[in-house]
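Subject: Structure handover

Hello,

Here is the structure to go through, followed by notes on what was found in it. Please keep the 3D view open while reading.

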Amino acid sequence: MSTPYDLIVIGSGPGGYVSAIRASQLGMKTAIIEREALGGICLNWGCIPTKALLRSAEVMHLAKHATDFGLKIDKVEVDLEAVVKRSRGVASQLSNGVKFLMKKNKIDVIEGTARLEKGTSAPKVIVKSKDGKDTTLEAKHVMLATGARARDIPQAGLVADGKLIWTYREAMTPDVMPKRLLVIGSGAIGIEFASFYNELGCDVTVAEVLPRILPVEDAEISAMAEKDFKKQGLNIITGAKVENLKAGKNTVTVDITNKDGKKESKEFDRAILAVGIVGNVENLGLEALGANVEKTHVKVDGFGKTGVPGLYAIGDLTGPPWLAHKASHEGVVCVEAIAGKGKAPPEPFDASNVPGCTYSHPQVASVGLTEEAAKEKGYDIKVGRFPFIGNGKAIAMGETNGMVKTVFDKKTGELLGAHMIGAEVTELIQGYVIARQGELTDIDLAHTIFAHPTISETMHESVLDADGKALHI
């Protein structure tokens, strides 16, 4: 049995590796266990490589519209192999960057698959290496950051085969460009892939079981996104029941019933399952330890405690929102609580200020309550809106399709939520996240100077509009 660590982290995604770094900074002897590549799903198969693909699609879009900017490009073609190669190169670069950070912070990296057994102050960690050898490790504290994976729905016949029916992994490394593609699910993952393949010339159909796409977003923003996507050529079916997804020799057939009850059998070259994710809780030994697992997610408090002495969990494993930045921040809160020797930091993790981003074209971003949710909670609200068409920078960029929407408590001026659609809104949303974290009011934001000309001025105008003071519309 090895020398005890202060902290062993299982999983090296953005939650795990960031937690390990923070623990090392606080003087804790730390190890991290990873069964695949450092960086986890996010760096290798999620956030980062998908953004590299979407950047290629964005450049393709600009090239196809070059004449709008007074430029001539004779021929625009897709080199799918090169697009994928660039994406994989970006992922590899960042995974190697995590290796450097582990070495810099003197964190032991252990390759293998971990499981837990009952220990003294914390569970023992047994690591099975690739050659099948077991090594037992001990630590004062153990953190689970094992993440999640794509969800199948066998009862509805929605199961990926990795060949014709893809998860996000296969969708990122296609061997061919499908002519007809079905995307099942219209959350951020589904819409990003739909946007990517549509821009590169694929005939894309999106099937969503709920009444609207991007269902976690504000209804007004969701409606604008659907209208824009349809204008770009996406076929969107909402209120859709998808059944009997079957892979043939080189095509996929499926039955789709629309919201009016009309059922059609359709054929596609490929299908992408984007119907949610499930936590990686299997084969960890959680049941024997007495951890509370509900619907593949480990229940924790605001500091990552599982209720099992010495065992913590963070990130996608603990449930929504399933976002890398949520996992990183959750991990830091957890580690700082551990390092405080039982004295918790001032505030537990609060998911209400976690921004959500969809990197489609146009982009979508939000933080806080939607207009509907604010009303349901009993707030008397005031709402501000400002369209990109009223912004000089957006017009100069040729990106006039967009809007910023802000929701305030009429009584206190508290920013309850902010919702955006348009160019670069995934960058802009952080301004409102800071405003919510700092508890700024509509008056505080109205008195803030925004640089000109920038798209961020739409944020200011939306705040002003909530009080009937918008200047440029």
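In these notes, two residues are in contact, or touch, when they have heavy atoms within 4.5 Å of each other. The model is predicted.

Leaving out residues up to four places away in sequence, Gly-190 touches Val-183, Gly-185 and Ala-274. Gly-190 sits in helix H6. A residue is called buried when its relative accessible area is under 20%. Gly-190 has 2% relative accessibility, so it counts as buried.

Gly-190 is also one of the residues that UniProt, in an unreviewed entry, annotates as "binding site"; the others are Gly-185, Ser-186, Gly-187, Ala-188, Ile-189, Ile-191, Glu-192, Glu-208 and Gly-276. These residues span 92 places in sequence, but no two of their C-alpha atoms are more than 14.1 Å apart, so they gather at one spot.

Glu-208 from that list belongs to strand E11, residues 203-208. With a relative accessible area of 6%, Glu-208 is buried. What is Glu-208 in contact with, leaving aside its neighbours within four places in sequence? Its contacts are Gly-185, Ser-186, Gly-187, Pro-215, Ile-237, Thr-238, Gly-239 and Ala-240.

Strand E11 is part of an open sheet of five strands, in the order E9-E16-E10-E11-E12, with parallel pairing. Strand E9 (165-166) and strand E12 (235-238) stand at the edges with a single partner strand each, so one side of each has no neighbour in the sheet. Strands of a sheet pair through backbone hydrogen bonds, in either a parallel or an antiparallel way. Strand E10, residues 180-184, runs parallel to E11 and is joined to it by five bridges. Within that pairing, Leu-182 stands opposite Thr-205 of E11.

Another glutamate, Glu-226, is found in helix H7, residues 219-231. Its relative accessibility is 15%, so Glu-226 counts as buried. Apart from neighbours within four places in sequence, Glu-226 is in contact with Ile-213, Ile-236 and Thr-238. Thr-238 is among the contacts of Glu-208 as well.

The start of the chain

Is strand E1, residues 5-10, largely enclosed or left open? Six of its six residues are buried, so E1 is largely enclosed by the rest of the structure. E1 pairs with two strands named here. With strand E7 (residues 139-144), the pairing is parallel over five bridges, and Ile-8 has Val-142 of E7 as its bridge partner. With strand E2 (residues 30-34), the pairing is parallel over four bridges, and Ile-10 has Ile-33 of E2 as its bridge partner. E1, helix H1 (residues 14-25) and E2 together make a right-handed β-α-β unit.

Helix H3 covers residues 47-64, which is 18 residues. From its first C-alpha to its last it reaches 26 Å, close to the 26 Å expected at 1.5 Å a residue. Its buried residues are Pro-49, Thr-50, Ala-52, Leu-53, Leu-54, Ser-56, Ala-57, Met-60, His-61 and Ala-63. An α-helix has 3.6 residues a turn, so residues three or four places apart point the same way. Which helices do the buried residues of H3 pack against? They pack against helix H2 (40-45), helix H4 (80-104), helix H5 (168-172) and helix H6 (188-199).

Ala-313

Ala-313 is found in strand E20, residues 311-313. Ala-313 is buried, with a relative accessible area of 0%. Leaving out residues up to four places away in sequence, Ala-313 touches Leu-144, Val-298, Val-300, Gly-304, Thr-306 and Thr-318. Ala-313 and Ala-327 are 14 residues apart in sequence, and their C-alpha atoms are 9.8 Å apart in space.

Domains

The domain assignment gives domain 1 (5-150 + 278-339), domain 2 (154-275) and domain 3 (362-466). The contact between domain 2 and domain 3 takes 11 residues from domain 2 and 13 residues from domain 3. Taken over C-alpha atoms, the centres of these two domains are 30 Å apart.

UniProt, in an unreviewed entry, places the feature "domain: Pyridine nucleotide-disulphide oxidoreductase dimerisation" at residues 354-462. That span is 33% helix and 28% strand, and its end C-alpha atoms lie 21 Å apart.

Regards

Notes:
Residues numbered from 1 in each chain as written. Predicted model: local features only at pLDDT ≥ 70, side-chain atom pairs only at ≥ 80, totals over all residues. Heavy atoms only, no water. Expected span 1.5 Å × (residues − 1). Buried < 20%, exposed > 50% of the residue type's maximum accessible area, 1.4 Å probe, protein only. Pairing = 2+ DSSP bridges. Right-handed = clockwise from strand over helix to strand, strands pointing away. UniProt positions renumbered as here; feature names shortened; annotations may be inferred. Domains from an automatic or database assignment.
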